[in-house]
Amino acid sequence: MVDPGRETQYTESDVIEVFRDRNDYAEPLTASEVAEALGCSRRTALNRLHDLQEETDVTSKKVGGRSRVWWIPVRMDE
């Protein structure tokens with residue numbers, strides 16, 4: 001049982017699944033959108049996204065003062 005005040009643990013695999021379950025793989029997501037899909041806090045989603053950026057192909061781009069979008073690059077065969 002989870003201790004009161006403690007959030008459920010979300011793995012990096014959970015976050016990757018959010019990206020895979022979309023209709024448009026090229027559309028970037030915000031941390032808030034990832035959080036909503038997982039049912040967790042924005043901070044939890046953001047922490048997992050930062051972990052993924054360091055360890056996988058997940059990448060991000062700043063799009064405003066404090067706004068950032070995240071995506072997994074779609075590789076095109078040349």
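Student: In helix 2, which residues are buried?

Tutor: This is a predicted model, and helix 2 spans residues 31–38. Residues count as buried when their relative accessible area is under 20%. In helix 2 those residues are Ala31, Val34, Ala35 and Leu38.

Student: Why do the buried residues of helix 2 lie on the same side?

Tutor: The residues concerned are Ala31, Val34, Ala35 and Leu38. They are placed on the same side of helix 2 because the arc they cover around the axis is only 100 degrees.

Student: Which residues are exposed on the other side of helix 2?

Tutor: Exposed residues have a relative accessible area over 50%. On the other side of helix 2, the exposed residues are Glu36 and Ala37.

Student: What covers the buried residues of helix 2?

Tutor: The chain has 3 helices and 2 strands, arranged along the sequence as α-α-α-β-β. The cover over the buried residues of helix 2 includes strand 2 (68–71), helix 1 (12–20) and helix 3 (42–55).

Student: How are helix 1 and helix 2 oriented, roughly parallel or roughly perpendicular?

Tutor: Two packed helices are described by the distance between their axes and the angle between them. The axes of helix 1 and helix 2 come within 10 Å and cross at roughly 105 degrees. Angles of 65 to 115 degrees count as roughly perpendicular. Helix 1 is therefore, relative to helix 2, roughly perpendicular.

Student: How many residues of the contact of helix 1 with helix 2 are nonpolar?

Tutor: From helix 1, Asp14, Val15, Val18 and Phe19 take part, and they meet Val34, Ala37 and Leu38 of helix 2. The residues of this contact include 1 charged and no polar, and the number of nonpolar ones is 6.

Student: On helix 1, where do the buried residues lie, on the same side or on opposite sides?

Tutor: Val15, Ile16, Val18 and Phe19 are the buried residues of helix 1. The arc they cover around the axis is only 150 degrees, which puts them on the same side of helix 1.

Student: Against which elements do the buried residues of helix 1 pack?

Tutor: Ser13 and Arg20 are exposed on the other side of helix 1. The buried residues of helix 1 pack against strand 2, helix 3 and helix 2.

Note on methods: Residues numbered from 1 in each chain as written. Predicted model: local features only at pLDDT ≥ 70, side-chain atom pairs only at ≥ 80, totals over all residues. Heavy atoms only, no water. Buried < 20%, exposed > 50% of the residue type's maximum accessible area, 1.4 Å probe, protein only. Helix = DSSP H or I, 4+ residues; strand = E, 2+ residues; numbered from the N terminus. Arc of directions from axis to C-beta. Contact = heavy atoms within 4.5 Å. Axes fitted to C-alpha atoms, helices over the stretch in contact; angles between N-to-C directions. Parallel < 35°, antiparallel > 145°, perpendicular 65-115°, else oblique. Nonpolar A, V, L, I, M, F, W, Y, C, P; charged D, E, K, R; others polar.
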